[in-house]
Amino acid sequence: MQTKIQSSQLNTPKADNFLVIEGVSKIYPTAEGPYTVLDGIDLKVREGEFVCLIGHSGCGKSTLLNMISGFNTPTEGVVLLQDKPITEPGPDRMMVFQNYCLLPWFSVFENVYLAVDAVFPEKIEAEKRAIVKEHLALVGLTEAADKRPSQISGGMKQRVAIARALSIRPQVLILDEPFGALDAITKEELQEELLQIWRDHQVTVLMITHDIDEALFLADRLVMMTNGPAAQIGEILDIPFSRPRNRKRIMEDPEYYQLRNYALDFLYNRCAYIEE
């Protein structure tokens, strides 16, 4: 059962059923019998919406996003993007991981160029290079273009990964806990940058996080998962704060703490993690 708390004002979404997850279950065969990771997931995401997923480890968050990205397929049900089933990866969906996934022998520029060249082989060299420069500038990495990943910080590496994902103009940006390994100050900086990029590009974002404060600052809706196995969507919180968002103003809003405490109660009381 899904519960909503107060309607949020979204950024004029263009389509209510842009991304549809319908009756999705994921079951793996094991020596002990079928193992159900996800059981009957239903979710509709509007075009241009920012949705965060939260839940304890093992609740199938990454499995769900892998099915949206096309790296995995449902055992039951279907995932539709603009009414078309997702059956494989494609440039209309780009994923950013926590561990950056940069090629260490390539420069920052080359890591982004590799994606642009793969998706837009028909474009002339000058146009492809211009796309790379545009997106490195977007994340503030113009001066780091010739450096290799070993020469830049973790926050800069994540900026490269985001620039690479956006450079191919995806319809859906999928983020698997992208800021989890960063220090608190860098994390807040990148959260602000991500919101600015999202506003400018109006890309649809789905993001896994374990940080309730991060979700309340970034998301239009927070999808809270029950524990696995056979995890389901427990509740969905609509985040009512107007955009553009100001972190200080949000944290001074009494409703922020009501939502935060509600999410904490869901995760640590009603769906408390129990080690086997």
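Analyst: Here is a walk through strand β9 and the parts around it.

This is a predicted model; local features need pLDDT of at least 70, side-chain atom pairs count only at pLDDT 80 or more, and totals for chains, interfaces and linings use all residues. Residues are numbered from 1 along each chain as its sequence is written, and side-chain values use heavy atoms, with hydrogens and water left out.

Strand β9 spans residues 221–225. Helices (H or I, at least four residues) and strands (E, at least two) are DSSP runs, numbered from the N terminus. Five of the five residues in β9 are buried. Buried means under 20% relative accessible area, exposed over 50%, and partly exposed in between (1.4 Å probe, protein chains only). In a regular strand, side chains alternate between the two faces of the sheet. Arg221, Val223 and Met225 take one side of β9, Leu222 and Met224 the other, and both faces are covered.

β9 has a parallel partner in strand β3, residues 50–54, with four bridges. Two strands pair if DSSP finds at least two bridges between them. Valine 51 sits opposite arginine 221 of β9. Strand β10, residues 233–238, runs antiparallel to β9 and is joined to it by five bridges. There, glutamate 235 faces methionine 224.

Now the packing. A nonpolar core is a set of buried Ala, Val, Leu, Ile, Met, Phe, Trp, Tyr and Cys residues joined through side-chain atoms within 4.5 Å. The largest such core has 59 residues. Leu222 is among the members that touch the most others, and so are Phe50, Leu136, Leu173, Leu194, Val205 and Met207. Beyond its neighbours within four places in sequence, valine 205 is in contact (heavy atoms within 4.5 Å) with Glu49, Phe50, Val51, Leu173, Leu175 and Trp198. A separate core of 29 residues includes Phe18, Val37, Leu65 and Ile236.

Leu194 and Trp198 are buried residues of helix α5, as are Thr186, Lys187, Leu190, Gln191, Leu195 and Ile197. α5 covers residues 184–201. After α5 comes glutamine 202, with a positive phi near 50 degrees.

Last, the cysteines. Cysteine 52 is buried at 0% relative accessible area, and cysteine 59 is also buried at 0%. The sulfur of cysteine 52 has its closest cysteine sulfur in cysteine 59, 13 Å away, so the two are too far apart for a bond. A search of the whole structure finds zero disulfides (pairs of cysteine sulfur atoms within 2.5 Å).

Conventions
The expected span of a helix is 1.5 Å times one less than its number of residues.
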